[in-house]
Amino acid sequence: MNNKMNKVELLHKNYIHSLKVNKRWVRLYQLIILLLIFFSWEISSRMKWIDPLIFSSPSKVWNLLVAKIQDGSLAANLGVTLTETVAGFLIATVLGVIIAAVLWWSPLLSKILDPYLVIFNAMPKVALGPVIIVAMGPGYTSIIANGVIICVIITAIVVYTSFKEVDPNYIKVLQAFGATRYQCFKEAILPASFPTIISTLKVNVGLSWVGVIVGEFLVSTKGLGYMIIYGFQVFNFTLVFLSLLVIAVLATIMYQLVDLLEKKLIKE
Amino acid sequence: MSFLQVQNIHHTYFTKASATTALSNISLTVEKGEFVSLLGPSGCGKTTMLSIISSLLEPTEGTVLLEGQPVSSSKNKIGYMLQQDYLFPWKTIEENILLGLKLSKQLNQKTKTHALDLLKQMGLNNGVEKQLPKQLSGGMRQRVALVRTLATEPKLLMLDEPFSALDYQTKLKLEDLLSDTIKAFGKTAILVTHDIGEAIAMSDRIFLLTSRPGTIYKTFEIPDSLRRLSPFDARNHEAYPAVFQMIWKELESFEQQNE
């Protein structure tokens, strides 16, 4: 008996070990791919296989990064864009959930607004950028609005759908206790939809970056989008690539934070 | 005057394509402390009937009076138990059982203690109240659902096939527990089921319903010898098979009439 137990334990240990080994290999290959990309980029740029003026090179980008960190201009631009994106992302999510709640509250209103939501959802929101800038003036507000407008409708539609799909028997339980519509929303509809709301947050991380960067292309004098457009205008593609890499890193961090939040909030 | 009076209920569901009459001309009365069953095939409008009695649904025609008052004005006097437990998965057991009290603003130290005592009486202790529903077995969850229903002290209990999602052994045990509890608290109960045996074992009276539209086909009085026993013992009593056969034959006969 004891012998058997030991054997099971041993097998379990082996299994855990094999999982770890597997994970290490995956990480190793991921690292190799990353190094390969940067290495071949650097080599082909130096050997002039690609035009170094257009495609720059990792070493140039790195030097520029160091210089920009030292003169503080990267931190300033990054701070502006990050603030705009986070603000756009949070406002869009909250606003989207509020719209979804209103639509759930009034079935009549949701029927009336349905075609408008479809049109608004189908249309490319970035195309509204110029209108927003003219209407709200060039500045942070219109850039944040650009980030908001790109995520808000899809958030509202997805969250509203999840509100409608909550098992009606939960509502029945509450109504049998004499619950009001507000109590039904608070006790069943909203908490049951938390997983959906979190997953729209994940989508919104990507979308709000699009809105904000496009907004900065159009109007701003600061920010990562501005750095890209400025680099493009003066033909400094090292600056463009630096901005792209910084955006990639920041967007990933934001996504991971939302992922962490999801794990914290949804224990079930 | 009877405790519950259901008078000439008609109910029709409307859709774009059709108007389906679910219930037609249903009248029945239930006395205080009585346990009655609505027995019938699926689609005979049993659940519609319960929803109407508990005023979750407005009937097309007819009235339901509880102690002489229309049911729509008697909030929280009726407890409703569903086929599955429908415990809220994000709430702890304690939050789940106190939900009814919280919604009707009756939550205080006294009612809270009462609810937690009920939980103990159902054999759920050892810190179960701090756990989440998914940590409990199906039978335990249905017992929690029963506590949640009883916590607001309803006068009338509606049981919509409350055991149908459980395995047979758990179902038999819960039948006994529910029957004991209802007798101990002197509650009136209406059970909806398609299980003839369950209806006989638990009730004082059985209303046999036909389907499409649902009407009361026949009423059966369960003999005293069976009523006095717990559901489990009733199933093993010598009088049980005869009652079963009688109801079975009636079910067969109206099915033949339909064909």
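Visitor: What makes Glu187(A) and Lys102(B) a salt bridge?
Guide: Their closest N and O atoms are 2.9 Å apart. A salt bridge is a side-chain nitrogen of Lys or Arg within 4 Å of a carboxyl oxygen of Asp or Glu, so this pair qualifies. The rule finds two salt bridges across the interface of chain A and chain B.

Guide: A word on the basis: this is a predicted model, where local features need pLDDT of at least 70, side-chain atom pairs count only at pLDDT 80 or more, and totals for chains, interfaces and linings use all residues. Residues are numbered from 1 along each chain as its sequence is written, chains are lettered from A and ligands numbered from 1 in the order written, and side-chain values use heavy atoms, without hydrogens and water.

Visitor: Why is α4(A) called oblique to α11(A)?
Guide: Helix α4 (residues 73-105) and helix α11 (residues 224-233) of chain A pack at about 120°, with axes 7 Å apart. Angles under 35 degrees count as roughly parallel, over 145 as roughly antiparallel, 65 to 115 as roughly perpendicular and the rest as oblique, which makes α4(A) oblique to α11(A). Axes are lines fitted to C-alpha atoms, for helices over the stretch in contact, and angles run from 0 to 180 degrees between N-to-C directions.

Note on methods. Helices (H or I, at least four residues) and strands (E, at least two) are DSSP runs, numbered from the N terminus.
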